[in-house]
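Subject: Structure handover

Hi,

Here is the structure for you to take over. My notes follow below it.

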Amino acid sequence: MLRAGRMLAQGDIRLIALALIAEQPRHGYEIIKLLEDKTAGWYSPSPGIVYPTLTYLEEVGYLTAQPEGAKRLYTITTEGRAHLEENRDFVDAVLERLGAMGERVTRMRRRAQSEEDERRGPSVSPMVRAAIENLREIAAKRLEDDADAEAKVVEILVAAASQLRRT
């Protein structure tokens with residue numbers, strides 16, 4: 001169950017980690033990235049939460065860990081699978097809720113991007129957009145360096161618009 005703020009309860013993280021490792025052996029960093037991806041960046045557990053959770057799950061016999069260089073590859077044990085199955089409905093509900101949150105965040109971002117695109121005006125090719133951004137940056141830099149340059153910048157922009165209108 002989601003808690004206040006963007007946090008999951010410790011037991012939730014334990015079950016989610018078990019469920020993800022049950023799919024295939026994983027490193028701690030993979031678990032962080034999977035949750036971040038599943039929630040479209042809305043929730044990314046910190047290493048300070050994930051790694052102690054994995055250590056705990058290993059200590060209680062639900063996981064084993066094999067060293068792989070500086071990393072550890074975690075694999076679920078028979079006891080871990082049994083514990084996960086006892087809590088399968090709950091963990092599936094939490095994972096479903098996280099996925100739904102990710103979908104909502106993605107929809108909100110798309111909507112915000114559409115509104116931003118609409119605010120910017122008609123759609124242009126990436127090359128034209130890059131050229132306009134370059135022009136904007138150069139004009140801003142020029143005005144920053146010389147406050148009296150405003151009239152000249154406006155004159156150049158009006159001339160450019162006039163020339164585009166004719167072509």
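Arg-26 touches Leu-20, Ile-21, Ile-31, Leu-34, Arg-72, Leu-73 and Tyr-74, leaving aside residues up to four places away in sequence. Touching, or contact, means heavy atoms within 4.5 Å. The side chain of Arg-26 also reaches the backbone oxygen of Leu-20 at 2.7 Å. Arg-26 sits in the loop between α1 (10-23) and α2 (28-38). Its relative accessibility is 6%, so Arg-26 counts as buried. The cut-offs: buried is under 20% relative accessible area, exposed is over 50%, and partly exposed lies in between (1.4 Å probe, protein chains only).

Before you go further, two points on the source. This is a predicted model, where local features need pLDDT of at least 70, side-chain atom pairs count only at pLDDT 80 or more, and totals for chains, interfaces and linings use all residues. Residues are numbered from 1 along each chain as its sequence is written, and side-chain values use heavy atoms, with hydrogens and water left out.

Two alanines are next. Ala-40 is not a glycine, yet has a positive phi of about 55°. Ala-40 lies in the loop between α2 and α3 (47-59). With a relative accessible area of 16%, Ala-40 is buried.

Ala-82 belongs to helix α4 (residues 78-86). Ala-82 counts as partly exposed, at 39% relative accessibility. Ala-82 and Tyr-62 are 20 residues apart in sequence, and their C-alpha atoms are 8.8 Å apart in space.

Now the whole chain. It has 7 helices and 2 strands. These are DSSP runs, numbered from the N terminus: helices are H or I with at least four residues, strands are E with at least two. The order from the N terminus is α-α-α-β-β-α-α-α-α.

The radius of gyration is 26 Å, while a compact globule of 167 residues would be near 15 Å. That radius is taken over C-alpha atoms, and the globule rule is 2.2 Å times the number of residues to the power 0.38. Along the principal axes, the C-alpha atoms fill a box of roughly 75 × 35 × 30 Å.

Of the 167 residues, 28% count as buried. Among contacts with a separation of 6 or more, 54% come from residues 24 or more positions apart.

On charge, the chain has 25 positive and 27 negative side chains. Lys and Arg count as positive, Asp and Glu as negative; His and the chain ends are not counted. The centres of the two sets lie 4 Å apart, with each charge placed at NZ of Lys, CZ of Arg, CG of Asp or CD of Glu.

Best wishes

Methods: A polar contact is a pair of N or O atoms within 3.5 Å; within protein, one must be able to donate a hydrogen and the other to accept it, and residues adjacent in sequence count only if both atoms are side-chain atoms.
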